[in-house]
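Biologist: I'd like to learn how to read a model like this one. Could we go through it together?

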Amino acid sequence: MKEQVRTLLRTGSLEDAELAKDRLEELVQASKQPETTRLWRTICRWWKEIEVLIVTGATTGKVEANNTCIKHIKRAARGYRNPNNYTSVILLRSAARTTA
């Protein structure tokens, strides 16, 4: 099941995606498991967005990675009472990350 979802997301065209989706539906119906049925409903609900991903290849991966990095930097700088020192730590950590 997992490999079929990965195949679906890796396809390069909408026609291939439709074929992979049909194959996934067959697997879901054959398995008769509540988890796979829920997965199928989720894929059907998000199908328009999945089509956009297949056509454009655009994801939010970089944005999510940056947000996580910002959270880690802010967490490391907690405890500073002086706002200037707090800002300096955040800037230094982010500068070190971009040059590394």
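Biologist: What do the buried residues of helix 2 pack against?

Modeller: Packing here rests on contact, meaning heavy atoms within 4.5 Å. The buried residues of helix 2 pack against helix 1 (2–10), helix 3 (34–45) and helix 4 (47–56). Helices are DSSP runs (H or I, at least four residues), numbered from the N terminus. Keep in mind that this is a predicted model: local features need pLDDT of at least 70, side-chain atom pairs count only at pLDDT 80 or more, and totals for chains, interfaces and linings use all residues. Residues are numbered from 1 along each chain as its sequence is written, and side-chain values use heavy atoms, leaving out hydrogens and water.

Biologist: Which residues of helix 2 are buried?

Modeller: Buried means under 20% relative accessible area, exposed over 50%, and partly exposed in between (1.4 Å probe, protein chains only). In helix 2, that gives Ala17, Ala20, Lys21, Leu24 and Val28 as buried. They sit on the same side of helix 2 because they cover an arc of only 105° around the axis, taken from the directions from the helix axis to the C-beta atoms. On the face turned away from that buried side you find the exposed residues Glu15, Leu19, Gln29 and Ala30.

Biologist: How far does helix 2 reach from its first C-alpha to its last?

Modeller: The expected span is 1.5 Å times one less than the number of residues. Helix 2 (residues 14–31) has 18 residues and reaches 25 Å, close to the 26 Å expected. Just after helix 2, Lys32 takes a positive phi of about 55°.

Biologist: And the loop between helix 1 and helix 2: is Thr11 buried or exposed?

Modeller: Thr11, which is found in that loop, is buried, with a relative accessible area of 14%. Leaving aside residues up to four places away in sequence, Thr11 touches Asp16, Ala17, Ala20 and Ile54. Its side chain also reaches the backbone oxygen of Leu8 at 2.9 Å.

Biologist: How many salt bridges does a search of the whole structure find?

Modeller: A salt bridge is a side-chain nitrogen of Lys or Arg within 4 Å of a carboxyl oxygen of Asp or Glu. The search finds three. Lys2, Glu3 and Arg6 are linked in a network: Lys2 pairs with Glu3 at 3.4 Å, and Arg6 meets Glu3 at 3.6 Å, N to O. Arg23 bridges to Glu26, with the closest N and O atoms 3.4 Å apart. Arg23 and Glu26 both lie in helix 2, three residues apart, about one turn of the helix.

Key. Helix = DSSP H or I, 4+ residues; strand = E, 2+ residues; numbered from the N terminus. Polar contact = N/O pair within 3.5 Å; in protein donor to acceptor, adjacent residues only side chain to side chain.
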